[in-house]
Amino acid sequence: MSEYDIEHSHGMHVVHDGPRQAPPLLLIHGSGASGGFWNPVVPALAGHHHVIRVDLPGCGKSPPAPSYDVPAQAGRVAALLDDLGLRHLAAVGHSSGGYVATALAEQRPDLVGSLALISSGPSPDALLRQPFILRVLLAPPLGPLLWSRRSDAMIRRGISATAARPVDVPDDVVADVRGITYRVMRTVLRRNTAYIAERSVPERLAALEVPVLAIFGAADPRWEPSSARQYDAVPNARVELLPGVGHLPMLEAPETTGKLLLGFTATGR
């Protein structure tokens, strides 16, 4: 991996990898995460792309923002891409990062040439009862008390609870997650729910003329895995279910995830 540039732009920590002249590939993380969650797949992607990773506001190394509405998040990403002079890129979002990527395509079809969604729940009714540790950390009365007191081990358990396979969570990723406040996390989750409650992701994508790849773990404990088939209704969409994989394909099955993304960005299928 040839990491060559780290910057702050439009309230976001941004990391660039791979040759700048290569086709651009944008990676957007999910709720309670950071750009560091993409680390296992970046080396393979950066061999073929100019990879741009963002820490969304209030996450990782990015400061909080006045609004966490999904369209506002997409607007900040669009402004960043405008500054970079990028057009017609491949946008990849994990979990709720897929909502930001979808909103980006809705707002600025000139910026998004193809769209890959990884573990992005299509609609509120696909949400499962969350793993116990997440319910404790994210809901009153214990959540506000425990959140700021989370140990490194507790943060790792919270991340691992969404996986179906053992995952390695390095110290820098733990530090990124620790920086997210309880208020930001709760607000982001509410805004994400509002976005998909207004219109489902497949319904939004069906209105766009963009190739779509939907990757879902067949053992995802956060979203009903069979709900991935809702994306079949989207023209120009392909759905890939990964056996034995949970909510974190880029951590649980990085080689498979990387190959799927590279194949998709090469062909748009």
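How much accessible surface does the protein chain have, and what share of it belongs to carbon and sulfur atoms? The accessible surface comes to about 10,800 Å², of which 57% belongs to carbon and sulfur atoms; such areas come from the Shrake-Rupley method with a 1.4 Å probe, and for residues only the protein chains shown count as cover.

Before you start selecting, keep in mind that this is a predicted model, in which local features need pLDDT of at least 70 and side-chain atom pairs count only at pLDDT 80 or more, while totals for chains, interfaces and linings use all residues. Residues are numbered from 1 along each chain as its sequence is written, and side-chain values use heavy atoms, with hydrogens and water left out.

**The whole chain**

Buried residues make up 56% of the 269 residues, where buried means under 20% relative accessible area, exposed means over 50%, and partly exposed lies in between (1.4 Å probe, protein chains only). Among contacts (heavy atoms within 4.5 Å) between residues at least 6 apart in sequence, 74% join residues at least 24 apart.

**The annotated region**

Now select residues 25–255, which the unreviewed UniProt entry annotates as "domain: AB hydrolase-1"; such annotations may be inferred rather than shown by experiment. Over this stretch the chain is 39% helix and 15% strand, and the end C-alpha atoms are 17 Å apart.

Which residues touch the most other members of the largest nonpolar core? In this core of 41 residues they are Leu26, Leu104, Leu115 and Leu205; a nonpolar core is a set of buried Ala, Val, Leu, Ile, Met, Phe, Trp, Tyr and Cys residues joined through side-chain atoms within 4.5 Å. A second, separate core has 34 residues, including Leu27, Ala46, Val169 and Leu261.

Centre the view on leucine 104, which, leaving aside its neighbours within four places in sequence, is in contact with Leu26, Ala74, Val77, Ala78, Leu81, Pro109, Leu111 and Val112. Then widen the selection to helix H3 (residues 97–107), where nine of the 11 residues are buried, among them Gly97, Tyr99 and Leu104. The cover over the buried residues of H3 includes strand S3 (24–28), helix H2 (70–84) and helix H8 (182–198).

**Stops in the loops**

Is serine 119 buried or exposed? Serine 119 is buried, with a relative accessible area of 0%, and its phi is near 55°, a positive value in a residue other than glycine. Histidine 10 also has a positive phi, of about 55°, but histidine 10 is partly exposed at 37% and lies in the loop between strand S1 (3–9) and strand S2 (12–17).

Select proline 140 and proline 141 to see a cis peptide bond with omega about 0°; proline 141 sits in the loop between helix H4 (132–138) and helix H5 (142–147).

Finish by selecting leucine 127 with glutamate 224, whose C-alpha atoms are separated by 6.3 Å although the two are 97 residues apart along the chain. Leucine 127 is partly exposed, at 41% relative accessible area, and, not counting residues up to four places away in sequence, leucine 127 touches Arg222 and Trp223.

Definitions and conventions. Helix = DSSP H or I, 4+ residues; strand = E, 2+ residues; numbered from the N terminus.
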